[in-house]
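I opened a new notebook page for this structure. My entries follow in the order I looked things up.

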Amino acid sequence: MSIRETDIPALARGCAVLGTGGGGDVRAGSLAAVRAIRAYGPVPLVRLAELPPDALVVPLSGIGAPTVSHEMIHGEDEPKRIAEEVERLFGRPPAAVMSSEIGGSNGVAPVAWAAQLGLPLLDADGMGRAFPEVQMVSMYVAGLPADLVIMSDVAGNVVTIRPVDGLWSERLARAVCVAAGSSALMADYVLTAGRARGAVVEGTVTRALEIGRATEDATDPLTSLAAELGAVRLITGKLTDVERRTTGGFVRGTATIEGTGDDRGRTLVLELQNENLVAVEDNQVRAMVPDLITVVDTETAAAIQTEGLRYGQRVTVLAWPCDPLWRTRKGLDTAGPRAFGYDLDYVPVEELAHG
Amino acid sequence: MAEPDLRIGIDVGGTNTDAVVLDSGDRVIAKAKRPTSRDVTEGLRAALDAVLDELGPHAHGRVGRVMLGTTHATNAILERRNLGRVAVLRLGAPATTAVPPLSDWPDGLREVVSAGEAVVPGGHYVDGREIGRLDPGSIRRFLDGVEADAVAVTAVFSPATADHERAAEELIRSEYGLPVSVSHEIGSLGLLERENATVLNAALYEVAGHVTSALTAALAERGLAATPYLAQNDGTLMTLEHAARLPVSTIGSGPANSLRGAAFLSGVPDAVVADVGGTSTDLGVLTGGFPRESAAAVEIGGVLTNFRMPDILAIALGGGTVVRGAKAGPDSVGYRIAEEALVFGGGTATLTDAAVAAGRRPPGVTWDLGDISEDFRDTLQRAIAATDALAADAVDRMTLGRAGRPLVAVGGGAFLLPERIPGVSRVIRPEHAEVANAVGAAIALASGRVDTIMPAGESRTKAIERVRREAAARAVAAGADPDRVQIVDLLEVPLSYLAEPAVRIHAKAAGPLTR
């Protein structure tokens, strides 16, 4: 199948749901995707199994400060420069583009990048959701070495980094990003289709599209969405308090939802760090990272980003299981509750729901 | 000749055009309500004539100022009439080319407005470095190939560094003689939204000219030597010269005027305001006498902008809202209420009828439902109870759950609201509430605002001082008295992911008009 212009709104809605409150605004990415499809045609969506084992997959993501990317939008040639550098380094051109992070803007924008490069988009990503840090990707959890980062910026610079480990990868990439004006396009973990098996989260583009379509023309969007996700409905109620502060480049805070209707008398508190990470009710954890927790508008079932949470909104909090990769020992070390500073032992959301 | 001690405020709304006259003691000494005409200007003249008649023949010389809040610009965009063709120039290449100008505009509007679009070298990084050198050659090549009435220029990070926009403006004015809208005068950070507002602004020059000449002519014909002003979206005023440059700022002045008028008439600076009309109720919040501004992006005619607009929650609750069973709305009989409502002998049950069934009426009015069954009366009362719950819910959303502030009810349908609403201390119904928006125009201040990024750290204090001075200077340029300008809003937001610590500063200054 191919991703067409008419698929973009559904894809954007689905990516917003998978963003678990973070991942950036899907609007600019959607505009870029629509424009690129108009200019270069629909983007074929390929499964990993369709690619030969030595085919090169380039995971791409935009990095930088949200305030900057909202003002200094990407240049159209940035993906092309990364693709050229990949070809120079590997001696053959890339075969497919992959989203590093399906949740939020980095889930939609790769459609534009793939269209510009005339490449298919791989039906997979590196998270199955959104995470705030560069090393929180499936390729890292699968043990692939973080030994290559390629970055391109609006000025036309291309920087190739050969870091010794993930920590240096993050440190150097961030320094380059700042020098580039706090916005850049990045490829890390360029990998062959063979190595990608088991190291990426497969089917997530299709999944985002299905999630987006579940609420399209639905008479009861919320029920359709929850069914599509296989989600636990943690609470339906009113947002009564949002407390946010920006520290170390991340938004941290809490959001309190008081139950209405059948949930009257209950109170759910969400812990936020860019994404929704932990949901607590009566001192009992009801869901925690890396499982997905998303706040949606009760009426429309549209996902609400953490920056968009406002007092008085009528919302429902949904939680559903993450990809099994994140539930492995290394997955939890990388992006479990302790990786975000919560002194909690991970318990899967489905067990918490039935416990 | 008498001292010019009177002011006339006029508000052109969707349904009615209201006018009031205030004396030097800020007392309302004349008021009028006339239907808004299709061409807007006729209704304006009718309302103006009505208050002048009420004043009598000798008062003309006493009118010193006329303040107009109008929907001319909004209507022009919604109806796509009288819009100029705009050459859309973005300074930002090689950045920003992934999303070219007007990408998110509705096709019809884009065809009407755009004379052509180009992204050429220029603009700045967040830290003030140039993205590209400004290239006069590429600007000329673009403009030589288009036929435009005006040019809209938007440079990346111009709210922080406006040099390239200024240089481009200079070049275009001197070489092409075209009017130029520059984005740093119009919006804040957020390239696409600011660019959209700048293009709309450039498209509205002809409309602005029409409004200012119509107003000037209307005053001259009536022998009024008054100075005219236009109201803008934040409830403050601009001189006509200023409005001619920034016509897009007049969009959304109606809700702002009604909020400011409510504060003035009630004497309460911190309150929830409900402006109840025939079709809907607009709720807003007053803080220190000014409307609380919306944090969300504002759409005008399908175009997303980052305009600062009053935070308004509109609910389907109005005098003409249709009642079916015990359920009200969301549809309304609108202006046909005088024929259709039961109390006026019509055949449609409306919220006005439901209010009357519950014993609520405007002061001094004797509407009666006549003989109706107990069952029907009960149904109407349940409908108004459901509406009260809707209003209470909206109030709760707007007050963010902080109870204790009063609610000021204005507009022709204010009587629909109950005496007690959960979450507010009391319901105030000031005199002249039905023309609160025109009063708001008459008492408005002049203002100026700045939104920019400044380095944090040691230079922070100096940077903030510079922003404050710039905001005050812009208020004076808009007509404020330099001696009485005050900073009314100062917001500082630290930015993340940057090499040098930086803050985004938003400042707003306002003051009474120069005497």
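Which residues of chain B does the UniProt annotation "domain: Hydantoinase/oxoprolinase N-terminal" cover? I found residues 7-175 in the record, which is an unreviewed entry. I note that I am working with a predicted model.

**Annotated span.** I checked residues 7-175 of chain B next. The end C-alpha atoms lie 42 Å apart. I read 31% helix and 30% strand for the span.

**Domains of chain B.** Domain 1 is written in two pieces, 6-75 + 209-251. Domain 2 covers 84-203, domain 3 covers 313-436 and domain 4 covers 444-511. I took the C-alpha centres of domain 2 and domain 3 of chain B and got 47 Å between them.

**Chain A overall.** I counted twelve helices and 17 strands in chain A. The C-alpha trace spans about 65 × 40 × 40 Å along its principal axes. Buried residues make up 55% of chain A. I also looked at contacts in chain A between residues at least 6 apart in sequence; 72% of these join residues at least 24 apart.

**Where A meets B.** I found 28 residues of chain A in contact with 27 residues of chain B. On the chain A side, helix 2 (27-40), helix 3 (66-71) and strand 11 (232-247) each give two or more residues. I sorted that side of chain A by class: twelve nonpolar, twelve polar and four charged residues.

Notes. Residues are numbered from 1 along each chain as its sequence is written. Chains are lettered from A and ligands numbered from 1 in the order in which they are written. This is a predicted model: local features need pLDDT of at least 70, side-chain atom pairs count only at pLDDT 80 or more; totals for chains, interfaces and linings use all residues. UniProt positions are given in the numbering used here, feature names are shortened, and annotations may be inferred rather than shown by experiment. Helices (H or I, at least four residues) and strands (E, at least two) are DSSP runs, numbered from the N terminus. Two residues are in contact if their C-beta atoms, placed from the backbone, lie within 7 Å. Ala, Val, Leu, Ile, Met, Phe, Trp, Tyr, Cys and Pro count as nonpolar, Asp, Glu, Lys and Arg as charged, and the others, Gly among them, as polar. Domain bounds come from an automatic or database domain assignment. A residue is buried if 20 or more other C-beta atoms lie within 10 Å of its own, exposed if 12 or fewer, and partly exposed in between; C-beta atoms are placed from the backbone.
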